[in-house]
Amino acid sequence: MSSDRMGVSMTDAPFVAAWRPGSMSRYDSLWACMHKFAYLNGASTSEIKAAFDFPQTTPRDSPMLRFNALGGFNAAKLIEAFKVAEPDLRLLTPESYNVASPVCPTLRYCRRCMERGFHSAAYQVLAIDRCPLHGATLETKCPGCGWTIPYGLGPKGLAQPFGCPCGTALWPG
């Protein structure tokens, strides 16, 4: 996918991208939305950064695009791309849950939710250790390689959209 094919540039061009109606539920996390976006558009991390006007990093900056807060993202592009109402935009990140508990920097997920293509930002709040929908203990490692999965997008973060950088899929797609 190139920025031209998607209709997105660093100017004010209209935002055009593949997004299926019903691709997102109200409580999906920004991690889930970005991975679904990458899956549907064949987008790389750098293309996602450009599409959502995320500031380009320098070699000294962290190459990881973090999803714990909305800072740095173009809110208007998120609203347009994911068809989310402005008041619900805050639900995409763990900061919106406004709890005193720290937030986990690596992915925490419910296998049953992930099988359906769902991940909530609430799972990143360390005070929550079970899925509110299924009661299952939240997973913290890749079932394929056993490593933790970054809660963001790095250079290899989209080797497998909705999966681990090792290539293990968490969602059948």
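User: Where does Asp 28 lie?

Analyst: Asp 28 is in the loop that separates helix H1 (3–6) from H2. Helices (H or I, at least four residues) and strands (E, at least two) are DSSP runs, numbered from the N terminus. The model is predicted: local features need pLDDT of at least 70, side-chain atom pairs count only at pLDDT 80 or more, and totals for chains, interfaces and linings use all residues. Residues are numbered from 1 along each chain as its sequence is written, and side-chain values use heavy atoms, with hydrogens and water left out.

User: What makes the pairing of the side chains of Asp 28 and Lys 36 a polar contact?

Analyst: A polar contact is a pair of N or O atoms within 3.5 Å; within protein, one must be able to donate a hydrogen and the other to accept it, and residues adjacent in sequence count only if both atoms are side-chain atoms. The two side chains meet in such a contact at 2.7 Å. The side chain of Asp 28 also reaches the backbone nitrogen of His 119, at 3.4 Å.

User: Which residues are in contact with Asp 28, leaving aside its neighbours within four places in sequence?

Analyst: Contact means heavy atoms within 4.5 Å. On that basis the partners of Asp 28 include Ser 23, Cys 33, Leu 91 and Phe 118.

User: How do you know that the length of H2 agrees with its number of residues?

Analyst: The expected span of a helix is 1.5 Å times one less than its number of residues. The twelve residues of H2 should therefore span 16 Å, and its end C-alpha atoms are 16 Å apart, which agrees. After H2 comes Gly 42, with a positive phi near 60°.

User: What makes H2 mostly covered?

Analyst: Ten of its twelve residues are buried, among them Trp 31, Met 34 and Lys 36.

User: Which residues have the most contacts inside the largest nonpolar core?

Analyst: A nonpolar core is a set of buried Ala, Val, Leu, Ile, Met, Phe, Trp, Tyr and Cys residues joined through side-chain atoms within 4.5 Å. The largest has 35 residues, and Met 34, Phe 52 and Phe 82 have the most contacts inside it. H2 gives this core its largest share, seven residues. Another core, of six residues, lies apart from it and includes Cys 113 and Tyr 123.

Notes:
Buried means under 20% relative accessible area, exposed over 50%, partly exposed in between (1.4 Å probe, protein chains only).
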